[in-house]
Each structure stands twice: as C-alpha cells, then as structure tokens.
Amino acid sequence: MLKATVKITGSKSESNRLLLLQALYPTIAIENLSNSDDADVMEKGLQIENGIVDIHHAGTAMRFLTAYFASQENKEVILTGSKRMTERPIKVLVDALKELGADISYENNEGYPPIKVKGKKLVKNKVSLPANISSQYISALLLIAPNLENGLELELIGEITSVPYIKMTLGLLSQIGVESSFEGNTIKVLPQETVPSSTQVVESDWSSASYFYSIVSLCDVGTELTLSSYNKNSLQGDSVLAEIYKDFGVETSYGEHEVLLRKIASETNKEIEIDLANAPDIAQTIVVSCFGLGIGCHLTGLHTLKIKETDRLEALKTELGKLGAPIYVTDKSLTLKPSDQINKDVAIDTYNDHRMAMAFAPLALKTSLFINDAEVVSKSYPDFWKDLESLKFQVKNS
Ligand SMILES: O=C(O)C1=C[C@@H](OP(=O)(O)O)[C@@H](O)[C@H](O)C1
Ligand SMILES: C=C(OP(=O)(O)O)C(=O)O
C-alpha cells in the first residue's frame with residue numbers, strides 16, 4: 001500500500017506574478033519560487049532592457065511581460081516565443097494597452113506575437129476589454145496597475161473566464177499592500193509608489209498536485225500521499241481538486257502547510273458533470289482519471305483549451321482515442337462514456353504540452369504506456385518524473 005510524501009515546486013502562476021511585482025517594487029522578497037521553465041524565462045525576461053526576449057512556451061510570461069515593457073520608459077524589446085506562442089492570441093491585451101497610450105506593433109501577424117514594445121509612461125487610467133478569451137490579459141494589466149501614476153480601472157466585457165486567476169492577482173496585490181476592488185464587472189487598483197518590505201511565500205502548485213490526486217484515485221483503498229507546501233486557504237483556483245476528487249473516493253485533510261490525500265472508497269459515481277471555466281488546467285487530469293476509473297464524464301467551460309500549449313480538446317480526443325476511450329469533443333466541452341477497456345502499449349503524443357505528459361502518466365497504474373517527449377514537463381514541473389520514481393513508478397527513458 002502506497003504511503004509517501006512529495007514536496008512540489010512553487011506555483012508558476014503565483015511565481016510569475018510576484019516576479020513582476022518584485023521588478024516594480026524591489027522591497028519584495030520571494031520564497032519557494034517555482035523552478036519551472038516558465039518562471040525561469042519570466043525572471044530572465046525581466047532583466048532585459050533592450051533586444052529580444054524569448055519566453056518559449058510561457059503564456060503568462062508573454063502576457064505579463066507585454067504589459068510590463070509597455071509601461072517601462074527607456075526600454076524597447078521584441079517579445080517572442082515558441083512556434084505555438086506565435087499562434088496564441090494577444091490582441092485583446094495589446095488593444096487595451098494601446099488604449100492606455102502604449103506603443104506596441106506586430107512583427108509578423110496582426111494579433112499574435114512576436115511584438116515590438118517601446119516602453120512609455122502610461123497616464124490614462126481607464127480601459128475596457130473582453131474577458132472571455134483569457135484572464136491573463138486582465139492579470140497582466142492589474143499587475144502593472146499600482147505602478148501607473150493614476151492607477152487603473154478596468155471594465156470587463158462579456159462572461160469572465162478563469163476568474164480565480166484574476167482573484168489570485170488581486171490577492172497578491174493585497175498581500176504586498178496594494179488596495180483594489182472587484183465589483184460586478186469593474187476592477188479598480190489604486191496607485192502606489194512604494195510598498196513595505198515583505199517576504200512573499202509562494203504556495204506549491206495545485207495544478208501539479210492534480211497528477212497525484214489522479215494517482216491516489218487510481219490506487220487501492222488505504223493509499224495515502226502527503227503533498228507540501230499547501231494551505232487550506234489557497235489563492236489558486238485549482239485547489240478545487242479537493243472537492244472534485246471526493247467523487248473519485250479521495251479524501252483531503254489539511255495539516256500545517258501540507259495536504260494528506262487518502263483513498264477511502266472504491267465506490268464512485270458512474271458519470272459526473274463538471275464546469276471547469278474556473279479551473280481549465282485540471283481538465284486533462286480529470287478526464288484521464290475518469291477513464292482509468294471506468295467513469296464517464298461531461299466537462300463544460302472548456303472554451304479556453306483550444307488556445308493553450310496545444311489544442312487540448314483535439315489532443316485529448318486523439319490520445320484517449322488511441323487507448324480505446326469513447327470520447328467526444330466540441331469547441332468548449334468534452335464527453336467521455338464509461339468504459340472498462342484500456343488498450344495496452346500505446347505511445348502518447350504530448351504536443352509540447354506539459355499537461356498531456358503529466359495527465360496521462362497515472363494511467364501506468366492501469367496499463368503499460370509510453371509518453372513521448374516526456375521532458376515537456378519542465379514547463380511547470382521539472383522534477384515530475386523524479387518524484388514519480390520516488391513513488392516507485394518505473395520511469396524509463398526511451
Ligand atoms: O493567470 C494565470 O496564471 C493562468 C491563467 C489561466 O489561463 P487563461 O486565463 O488563459 O485560461 C491558466 O490556464 C494558466 O495556466 C495560468
Ligand atoms: C495554460 C497554461 O499555461 P500558459 O497559458 O501560461 O502557457 C498551463 O500551464 O496549463
């Protein structure tokens with residue numbers, strides 16, 4: 001029976017926000033920073049004054065640095081990334097920044113990176129922008145907001161997606177001593193020249209924790225896994241995992257800075273329905289868990305998945321399909337029918353998407369499988385395979 005402890009790296013979302021805030025306010029110290037590629041490119045990008053900033057696959061770095069450089073007088077950069085990054089839209093953010101007075105132009109395709117950003121002093125303080133494509137555009141504006149002479153007022157248009165990530169941004173602003181409000185579809189951030197000295201401790205990454213929830217759900221009753229460092233009151237929306245995995249027989253209890261996952265029941269519902277508009281990054285984990293458990297699921301609120309590291313809906317359909325799963329997708333939902341059959345010796349393609357590799361790995365408890373380009377995990381969780389080995393998973397390099 002598995003009983004083990006895993007220490008997971010810091011949240012990449014919290015890390016990349018705090019790195020930007022630290023660049024604006026050097027009185028901030030950060031602990032438990034993520035060791036991910038995405039945090040690494042963010043940290044390096046912030047140090048560049050002129051020239052090319054290559055953020056590889058990191059969506060948050062792309063969006064947050066666009067806002068940062070747009071507001072930095074005397075800096076001029078070209079922001080670029082991987083081939084996929086040149087296909088991930090940025091127009092909503094660029095339009096909002098231009099409305100505030102920024103000087104940004106497209107190098108190749110209108111609406112997509114690479115972009116040239118000439119830093120300017122931004123003095124306008126009101127802008128409205130669509131909120132249904134990516135919350136990262138909103139977080140990017142909020143992160144530079146307290147450093148703007150007149151603060152910022154955002155009017156969000158349409159249905160707001162990935163709301164917990166916006167609240168995370170406002171939560172971190174509050175932790176460093178910045179005042180803001182979020183009422184209806186209006187967010188206001190007050191200007192602040194300096195902030196008091198503080199040490200901000202990044203909570204470990206809940207999206208990374210999802211793969212261990214999946215493992216525990218697929219193990220025998222009695223399995224226990226402790227994950228650190230986590231808090232009951234998290235800024236990360238993916239902490240909703242603790243609720244969701246109850247349906248898969250996994251109980252969560254909270255210790256001081258850790259969570260204990262316990263498989264307590266083998267009885268599970270035969271079909272579940274979940275709206276993941278607030279937690280898009282755990283969609284892959286959940287559908288793979290369901291498949292491993294023989295449960296059906298209907299996942300909605302997945303409209304952002306097509307513009308992530310890959311088109312995650314198509315990738316899931318193809319790869320789960322290879323394993324024999326009865327899976328159907330639309331451009332915003334996914335349906336998996338209950339089934340007991342899992343094909344053997346399938347090689348899972350990962351499409352430069354860390355979450356494809358990590359979400360499928362737990363299925364090794366149910367069948368033999370290969371994960372192609374397994375090193376993609378470094379985008380958010382470089383030690384993933386090492387940590388699986390510590391749980392006695394056999395991880396072989398091909
Ligand atoms: O702000 C953030 O840190 C993130 C917001 C989400 O993106 P969207 O708002 O584009 O859904 C999420 O998928 C991404 O992994 C991280
Ligand atoms: C979508 C993700 O990241 P990003 O948008 O920051 O590249 C993710 O980590 O699942």
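Let's start with the shell around ligand 2, which takes at least three residues from each of domain 1 (11-201) and domain 2 (206-390); those bounds come from an automatic or database domain assignment. Quick housekeeping: this is a predicted model, where local features need pLDDT of at least 70 and side-chain atom pairs count only at pLDDT 80 or more, while totals for chains, interfaces and linings use all residues. Residues are numbered from 1 along each chain as its sequence is written, and chains are lettered from A and ligands numbered from 1 in the order in which they are written.

So, which residues are around ligand 2? They are H57, A58, G59, T60, D281, K308, E309, R355 and S380, where a residue is near a molecule if its C-beta atom, placed from the backbone, lies within 6 Å of it. By class that's one nonpolar, four polar and four charged. For the classes, Ala, Val, Leu, Ile, Met, Phe, Trp, Tyr, Cys and Pro count as nonpolar, Asp, Glu, Lys and Arg as charged, and the others, Gly among them, as polar.

Over to ligand 1. Its shell also has at least three residues from each of domain 1 (11-201) and domain 2 (206-390). Among the residues here are S13, S134, Y165, P280 and T304, and T60 and D281 are on this list and on the one for ligand 2. Helix 5 (residues 135-144) gives the largest share, three residues; helices (H or I, at least four residues) and strands (E, at least two) are DSSP runs, numbered from the N terminus.

Now helix 7, residues 206-218. How many of its residues are buried? 13 of 13, with buried meaning that 20 or more other C-beta atoms, placed from the backbone, lie within 10 Å of the residue's own. Its length checks out too: at 1.5 Å a residue, its 13 residues should span 18 Å, and the end C-alpha atoms are 19 Å apart, which agrees. The expected span is 1.5 Å times one less than the number of residues.

Elsewhere, strands 13 and 14 make a hairpin with two residues between them, and H257 in the turn has a positive phi of about 65°. Six bridges join that antiparallel pair, and S253 has L260 as its bridge partner.

Definitions and conventions. A residue is buried if 20 or more other C-beta atoms lie within 10 Å of its own, exposed if 12 or fewer, and partly exposed in between; C-beta atoms are placed from the backbone. Two strands pair if DSSP finds at least two bridges between them.
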